[in-house]
Amino acid sequence: MQEEKVWQAVLGEIEVSLSRGAFMTWFKNTALLKSNDGLIVVGVGNVFIKQHLEKKYGDQIITTLKKQGIKVTQVEYRMLGASHKRPVDQPTQGPADSGAANQTAQLGSSPGFAAKQAGAGNNNLRQGLNDRYTLDNFVVGDGNEVAFAACQAIVQRPGAKYNYNPLYVHGGVGIGKTHLIQAVGNAIKTRNPDAKVLYIATEQFVREFVQALRTRTTAKFANYYRSADVLIVDDVQFIAGKDKMQEEFFHTFNTLHQADKQIIMSSDKPPKDIAMLEDRLKSRFVGGMTIDMQVPDFETRCAIIQTKAESHQTELEPEVVEYLASNGQTNIRELEGALNQLLAWCDVRGLTATVAIAASLLQVSKNRPKHLSAKQIIERTARHFQIPLEDIVGPKRDKDIVVPRQVAMYMLHEELHLSYPKIARELGRKDHTTAMHSVRKIAQESQMDTSLRSAITEIKERLYA
Ligand code: ADP
Ligand code: MG
């Protein structure tokens with residue numbers, strides 16, 4: 001009890017000195033386990049947090065404890081909760097999180113979990129919700145902390161007037177939108193099992209609606225969705241251009257909103273940028289809270305990797321984590337893909353993951369099997385930036401042509417590993433140093449510039465779709 005109070009005071013002080021993201025990531029699930037004549041034991045959620053606290057926040061923690069009048073000679077960080085043994089050693093443990101239990105079972109039965117992982121949790125569907133996604137296993141940091149905070153507020157008071165209703169989160173592919181909005185649904189359901197929480201991917205929504213039209217059951221369809229307490233619509237951009245569906249959704253939206261039912265939507269872009277979306281929907285969508293999600297920063301990416309590794313009962317060396325987090329994956333899904341690949345590869349061979357293994361695997365996966373041509377990449381890039389193909393390979397030097405051209409060069413380098421002279425030729429340049437300069441510039445700027453980074457991700461996704 002005493003410990004708890006002391007720790008709350010310490011946390012309170014540390015919280016004001018850090019960004020919210022950093023605080024949530026590193027200190028959210030910590031506790032003071034023991035304070036005994038100078039020996040302090042701090043409980044932490046996982047090994048990565050342990051290492052990070054020791055390395056980066058150790059001194060600050062000691063100073064802050066001392067300020068509270070606590071004698072400190074030694075601080076130990078200890079992992080809380082579940083043991084970190086291999087799954088075979090703990091066959092029938094009953095963890096609180098059934099999603100983790102499923103993964104454990106899968107892991108135990110076969111080493112090919114990376115492949116199975118993709119379909120994991122399909123049997124836990126409850127009205128579209130997958131309990132693999134929780135707020136607890138969502139790592140908070142720069143890029144997603146605002147969205148996370150909004151979601152927490154919604155879990156406290158779903159549908160509350162003037163609050164976050166509707167909540168509209170948007171951002172590039174693979175950055176955690178689905179995870180987050182699913183997690184809200186799960187959290188609301190946990191707090192209030194009677195709540196009717198419906199999650200629907202928009203493509204499914206549209207298919208169901210078309211089916212209802214065909215079988216003349218649109219009233220039933222409408223009633224079902226209009227009776228929700230919480231309606232979560234994922235990838236709502238896919239409603240664009242579907243007139244009847246938009247009409248239907250408009251009414252469902254209004255019915256729910258007027259009844260103070262919570263509506264949550266995700267999309268790849270803000271409402272104003274969705275072409276062929278009715279104006280009345282656009283204005284409804286921005287009537288609550290609109291939040292832009294970005295790829296999390298490096299530290300947060302590290303924490304995500306470590307969390308994911310732990311859900312596979314694996315601890316990774318910090319260097320491996322850092323290598324993965326800095327190795328060019330432009331979104332979390334890719335990052336997770338690289339991690340799963342690494343874990344599966346090592347698992348089958350009974351090896352411990354190292355930077356060298358990670359590097360060689362990632363290199364192989366860079367030479368993706370699909371045959372892409374330079375022309376396809378250039379065309380796709382031009383289309384993305386909505387400029388004519390003649391311009392991107394032509395002589396113009398306006399800024400809105402030059403940047404797409406540089407991006408195209410970067411893509412040729414990253415995806416096809418073409419030489420600089422060849423890249424220059426493909427884009428109608430004579431001098432290979434132009435290509436070299438452009439590739440470096442984009443590589444550098446995409447570290448900082450999130451909109452550039454998401455442009456690259458989007459072009460890639462389209463190319464490999
Ligand atoms: P989106 O819907 O934006 O395309 P997803 O929600 O499907 O992205 O996320 C892709 C993968 O990355 C999922 O497996 C998800 O669990 C994981 N992920 C993304 N962000 C986080 C995060 N902050 N913490 C933990 N996992 C994350
Ligand atoms: Mg999604």
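Select ligand 1 and the residues around it, 18 in number, of which V139, G174, T178, H179 and E336 come nearest; a residue counts as near if one of its heavy atoms lies within 4 Å of the molecule. This is a predicted model, in which local features need pLDDT of at least 70 and side-chain atom pairs count only at pLDDT 80 or more, while totals for chains, interfaces and linings use all residues. Residues are numbered from 1 along each chain as its sequence is written, chains are lettered from A and ligands numbered from 1 in the order in which they are written, and side-chain values use heavy atoms, with hydrogens and water left out.

Stay on the ligand and display its polar contacts (pairs of N or O atoms within 3.5 Å; within protein, one must be able to donate a hydrogen and the other to accept it, and residues adjacent in sequence count only if both atoms are side-chain atoms). An oxygen atom of ligand 1 lies 2.4 Å from a side-chain N or O atom of E336. For H179, the distance from a ligand oxygen to an N or O atom of the side chain is 2.6 Å.

Next, colour the shell by element. Helix 7 (177-191), helix 12 (298-311) and helix 14 (332-349) are the elements that give two or more residues to the shell around ligand 1; helices (H or I, at least four residues) and strands (E, at least two) are DSSP runs numbered from the N terminus. Domain 2 (123-292) and domain 3 (298-364) each supply at least three residues of the shell around ligand 1, with domain bounds taken from an automatic or database domain assignment.

Now select T134, in the loop between helix 5 (113-119) and helix 6 (145-156). The T134 side chain reaches the backbone nitrogen of N137 at 3.0 Å. Not counting residues up to four places away in sequence, T134 touches A183 and H179, where contact means heavy atoms within 4.5 Å. H179 also has the 2.6 Å approach to ligand 1 through its side chain.

Move on to P166, in the loop between helix 6 and strand 4 (167-170).

Two backbone angles come next. D37, in the loop between strand 1 (31-36) and strand 2 (39-44), has a positive phi of about 50° although it is not a glycine. Q313, in the loop between helix 12 and helix 13 (318-326), is not a glycine either and has a positive phi of about 55°. D37 is exposed, at 61% relative accessible area, whereas Q313 is buried, at 17%; buried means under 20%, exposed over 50%, and partly exposed in between (1.4 Å probe, protein chains only).

Then go to L418, in the loop between helix 18 (399-416) and helix 19 (420-426). Its C-alpha atom is 8.9 Å from that of A374, 44 residues apart along the chain. Beyond four places in sequence, the contacts of L418 include A374, L412 and I423.

Finally, show the whole protein chain, which has 21 helices and eight strands. Of its 465 residues, 48% are buried.
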